[in-house]
Amino acid sequence: MHETKDKARGKQNFMLLTEFPYPSGDLHIGHWFSFAVPDILARYYRMKGKNVMYPMGFDAFGLPAENAAIKRNTDPRSWTEGNIKFMTKQLESMGASFDWSRRISTIDPEYYKWTQWLFLKMYEKGLAYRGEALVNWCPNDKTVLANEQVVDNCCERCGTRIEERKLTQWMIKITDYADSLIDDLEGLDWPENTKLAQKNWVGRSEGTSIKFSIFNFQFSNNSSISNKQKKESTGHIEVFTTRVDTIFGVTYLVVAPEHPIIQNQQSRIKNYEEVKKYVEGTRHKTELQRISEASKEKTGVELKGIKAINPANGEELPVWVADYVLASYGTGAVMAVPAHDERDYEFAKKYGLPIRQVVCPNYPKPICPVLDKAYAGEGHLVGSDKFDGMKSQEARDAITKWLEEKGLGKRKKIYRLRDWVISRQRYWGVPIPVIYCRKCGESEKLKVKNEKLRKNYIIKEGVEYKIIPVSESDLPIKLPKLDDFRPAEDGRSPLAKASKWVKVKCPNCGGKAERETDTMDTFVDSSWYYFRYTDPRNKKKFADPKKIKSWLPVPLYIGGAEHNTMHLLYSRFFSKFIADIGFADFKEPFIVRRNHGLIFGPDGFKMSKSRGNVIDPDELVRNFGADVVRMYLAFMTDYLQDGPWDPKGINGVKRFLERVYSLSLKIKNQSANRRTKIKIEGKNSKLEVLMHKTIKKVGEDLESLKFNTAVSALMILLNEMEKENELPVTSYSLLVTLLTPFAPHMAEEIWRSILGKKTSIHGEKWPKFDPKKLSGGTFKLIVQIGGKMRDSFEVEAGTAEEEVKVLTLKRENVRKWIGDKRVEKIIYVPNRIINIVLR
């Protein structure tokens with residue numbers, strides 16, 4: 001354990017953050033990879049003079065614990081707390097320098113008190129609200145699931161096929177931050193694929209909103225509508241597109257099954273029964289299922305009797321309903337340009353709809369090729385009236401401006417991001433701190449006409465209730481103990497069974513009121529935990545602003561790529577909100593983000609009990625010791641890439657550490673009983689140069705998370721040291737010091753027991769290298785043949801001229817260039833160039 005002070009004289013604070021684990025009950029080798037390897041970096045930075053906090057906690061609420069407790073006939077708290085206790089012992093066995101004094105657990109009321117407080121602040125600012133939303137519903141777990149918790153249209157936890165339901169839920173208006181969640185990625189040192197995942201998740205599209213008038217088919221006889229016929233128009237369909245330059249190529253419109261036009265135009269749709277049957281069929285599918293099926297085959301039905309008018313050319317267009325169009329994205333309607341969109345092309349081919357090319361890819365060539373598939377790229381416009389010949393981008397600007405002038409279109413941004421549904425109909429989570437009062441709802445019903453204020457009211461079973469936020473002084477609203485915490489068959493939260501807990505007195509009117517019985521999505525708990533690490537025992541504030549400022553934003557956050565979207569996005573949102581309410585002076589919480597890889601089983605597959613390829617770290621520690629295990633994890637693969645576990649590889653690391661220990665016999669009689677500053681001895685010898693290079697390389701590699709090559713550098717140094725007949729104490733001390741972050745237990749034992757030091761090696765400074773001595777070991781020799789450079793290679797400094805010539809002539813590349821010719825002479829410029837003259 002390493003207890004970190006908030007201030008250390010002359011040292012810069014540095015929080016090394018890793019994603020706190022869910023207490024599943026047993027550490028697997030992936031946990032070791034996630035936590036033991038970054039500890040090497042934490043120890044290195046401390047030796048470099050930083051005040052490093054390496055905190056640990058538990059993300060302990062959630063569905064898995066509740067289901068496990070149900071299965072074991074115990075309560076979730078007992079099961080979870082038992083797991084935390086056991087996993088804490090396992091984590092301590094790593095030898096990692098966690099600061100356990102800052103340990104947090106999301107199930108601790110002193111933690112979730114501040115989760116509730118943040119919710120109340122969001123409610124106060126209008127960001128937390130109740131509203132209707134289409135949600136993924138697991139009929140087995142009887143709760144709402146996020147899209148990421150659905151795999152192949154099934155619940156990722158239990159495998160049950162999910163349903164889509166429209167429910168009134170508590171939501172957080174994360175969409176208010178959509179632009180900043182994209183724009184603020186620009187200055188972050190994050191992997192590009194992580195940034196891209198976040199951008200795609202927010203899904204900002206900039207384009208044009210266009211109004212297509214609709215009318216009853218029976219009033220039209222021509223391809224263009226008269227003024228009289230326009231008066232018979234029955235409304236319009238709004239369409240959003242990023243490719244308004246293709247508007248002259250629109251040959252039909254498609255609306256989502258949920259689009260209001262279907263109900264609004266019911267009496268005018270000639271084949272309404274057919275349309276109704278199609279729409280009913282889609283109601284049993286989730287959005288995810290519809291997207292999946294659309295990638296295989298698209299289906300749809302024309303709304304006969306309804307036509308739309310293309311505002312660009314007045315052309316009549318058929319209107320179709322198809323479930324590949326989603327009501328939740330854009331306007332729920334698309335203008336179909338089959339010549340320039342693959343999805344529209346497939347649909348048009350299937351139903352025999354026109355395909356009209358309006359973008360030519362051969363700009364500036366005058367001849368436009370006939371396309372045998374959709375062309376979605378840029379080009380110049382054809383068949384587009386006065387816009388012919390314009391480049392795509394130029395045309396987008398010109399056509400948008402033209403539509404704006406006609407009042408038929410405008411520039412617009414839309415987002416794929418939806419407000420965050422945080423209600424969960426389960427027991428094991430943070431209670432939502434609101435109360436519903438019927439008396440206040442009824443008495444104030446007629447007084448409140450403002451729509452914004454009406455959002456503070458809900459209707460339950462036909463009765464209006466007022467939403468009353470719990471007073472901050474009453475926090476935390478503790479989760480009550482329940483004998484039966486199984487989800488109710490009707491979908492209500494198990495907390496509804498806690499009648500004494502549910503029934504409360506209204507703080508406004510003193511009348512009877514009820515608590516909210518849903519709990520919060522566990523991503524809420526984990527979206528701000530790094531703030532609490534800065535001040536985990538504060539009972540008056542979620543964290544002292546001074547301490548927040550001294551530790552945050554996080555300089556380095558290491559975690560898994562599976563959190564590229566939800567956790568990282570929600571954490572960024574929370575950080576921005578906390579800044580907006582004045583509790584932080586930064587908007588982005590994590591300056592640098594790195595995603596570690598995954599460890600696969602020895603067979604190259606993901607570890608699972610069914611495959612029998614799971615590696616037990618506890619057994620490894622018993623057989624090899626913690627230092628060997630953590631050092632092998634650092635050495636086995638690039639930390640930022642996936643890699644398989646090699647059972648034989650760990651033996652190589654074990655032998656390496658045994659050799660380090662055995663090397664101490666060479667200096668046994670040179671014991672250093674006093675504290676001395678480590679220095680490198682020698683007169684620019686080969687070993688001296690290598691030691692300087694190793695210091696430099698190991699330091700640079702650690703800071704780049706290249707743990708594997710840092711270990712390789714130590715192995716190379718050991719090889720050279722073993723060649724020495726007598727090894728100076730200071731040289732061996734240097735090796736042990738460089739080894740300290742990797743094998744802290746062994747390094748400490750050697751430092752005290754063999755080298756006789758009185759103080760801990762973990763208080764030593766990281767050695768410094770001399771830049772002047774980095775090049776003494778080798779030099780780059782340039783090989784010229786006939787006056788032209790043909791090769792180069794590294795040569796050890798001090799190598800005799802004749803040996804240099806022999807080494808050069810042995811090189812395959814050199815022999816290739818010499819060929820059948822005869823070497824007339826060789827000119828050698830020491831430590832620089834060798835020139836071979838041929839005859």
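Let's start with charge: this model has 46 salt bridges, counting a side-chain nitrogen of Lys or Arg within 4 Å of a carboxyl oxygen of Asp or Glu. The model is predicted, so local features need pLDDT of at least 70, side-chain atom pairs count only at pLDDT 80 or more, and totals for chains, interfaces and linings use all residues. Residues are numbered from 1 along each chain as its sequence is written, and side-chain values use heavy atoms, with hydrogens and water left out.

Take three of these pairs. Arg594 bridges to Asp189, with the closest N and O atoms 3.0 Å apart. That pair links distant parts of the chain, 405 residues apart. Arg594 sits in strand 28 (residues 593–596), and Asp189 in the loop between helix 5 (178–183) and helix 6 (192–202). Helices (H or I, at least four residues) and strands (E, at least two) are DSSP runs, numbered from the N terminus. Arg594 is partly exposed, at 22% relative accessible area. Asp189 is partly exposed too, at 38%. On the cut-offs: buried is under 20% relative accessible area, exposed is over 50%, and partly exposed is in between, with a 1.4 Å probe and protein chains only.

Next, Glu346 and Lys298. Their side chains meet at 2.8 Å, N to O. Glu346 belongs to helix 11 (residues 342–351), while Lys298 is in the loop between helix 10 (287–294) and strand 13 (301–309), 48 residues apart. Here the lysine, Lys298, is buried at 10%. Glu346 is partly exposed at 37%.

Glu720 lies in helix 24 and Lys686 in helix 23 (residues 686–703), so the bridge ties together parts 34 residues apart in sequence. Glu720 is buried at 17%. Lys686 is partly exposed at 42%. There is also a network: salt bridges with shared partners join Asp6, Asp99, Arg102, Asp535 and Lys547.

Now cysteines. Cys158 is partly exposed, at 32%. What about Cys506? Its sulfur is 3.6 Å from the closest one, in Cys437, and that is too far for a bond. Cys506 is buried, at 3%.

On to helix 22, residues 649–662. Its 14 residues reach 20 Å from first C-alpha to last, close to the 20 Å expected at 1.5 Å a residue; the expected span is 1.5 Å times one less than the number of residues. Which residues of helix 22 are buried? Gly649, Ile650, Val653, Phe656, Leu657 and Val660. They cover an arc of only 115° around the axis, so they lie on the same side of helix 22. That arc is taken from the directions from the helix axis to the C-beta atoms. Their cover includes helix 20 (617–624), helix 21 (626–635), helix 24 (707–722), helix 25 (729–739) and helix 26 (744–754), with contact meaning heavy atoms within 4.5 Å.

Last, strand 12, residues 252–255. In a regular strand, side chains alternate between the two faces of the sheet. Both faces of strand 12 are covered: Tyr252 and Val254 are buried on one side, Leu253 and Val255 on the other. Strand 12 runs antiparallel to strand 15 (residues 333–336), joined by four bridges; strands pair if DSSP finds at least two bridges between them. Tyr252 partners Ala336 there. Strand 12 also runs parallel to strand 14 (residues 316–321), through three bridges. Val255 stands opposite Val321 in strand 14.

Key. Disulfide = S-S within 2.5 Å.
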